[in-house]
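Me: I'm new to this one and would like a close look at a single part. Could you walk me through it slowly?

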Amino acid sequence: MDTRPLPDGVTLREPQLPMYATLTGARAGAEVTVIEREERLLARVASKPLSDLFAAYHAARGVKIITGETVTGFRGEGGKVTAVELADGQALDCDVALVG
């Protein structure tokens, strides 16, 4: 059985499949951040009340959600991602970036 800790990750955008993966990672103990360029999750496919419910559900389970933000690049070392760069100047450290 593999007992290595899960890597911390960043999910870019928010189609449903990456959000399920994000929640799974958070439940398993990884520090997870979702970055969404729209002002709310699922903005293109769900009403605001449903979007708010979805965001609250994930936030209550430890998922950090950043909305209204754009990814401008990635940092890496040795062929592995180490951070996600945002338009506001932040760099979010990570071991994995799931882009959906």
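Which strand does Glu36 lie in? And what else can you tell me around that topic?

Reply: Glu36 lies in strand 2, which covers residues 32-36. A strand here is a DSSP run of E with at least two residues, a helix is a run of H or I with at least four, and both are numbered from the N terminus. Before going on, a word on the source: this is a predicted model, where local features need pLDDT of at least 70 and side-chain atom pairs count only at pLDDT 80 or more, while totals for chains, interfaces and linings use all residues. Residues are numbered from 1 along each chain as its sequence is written, and side-chain values use heavy atoms, with hydrogens and water left out.

Back to Glu36: it counts as buried because its relative accessibility is 0% (buried means under 20% relative accessible area, exposed over 50%, partly exposed in between, with a 1.4 Å probe and protein chains only). Its side chain reaches the backbone nitrogen of Glu38 at 2.7 Å.

His58 has a relative accessible area of 2%, so it is buried. Leaving aside residues up to four places away in sequence, His58 touches Met19, Leu23, Val63 and Ile65, where contact means heavy atoms within 4.5 Å.

Helix 2 spans residues 48-60 and also holds Leu53. Leu53 counts as exposed, because its relative accessibility is 56%. Between Leu53 and Leu41 there are 9.7 Å in space, C-alpha to C-alpha, and the two are twelve residues apart in sequence.

How values were computed:
Polar contact = N/O pair within 3.5 Å; in protein donor to acceptor, adjacent residues only side chain to side chain.
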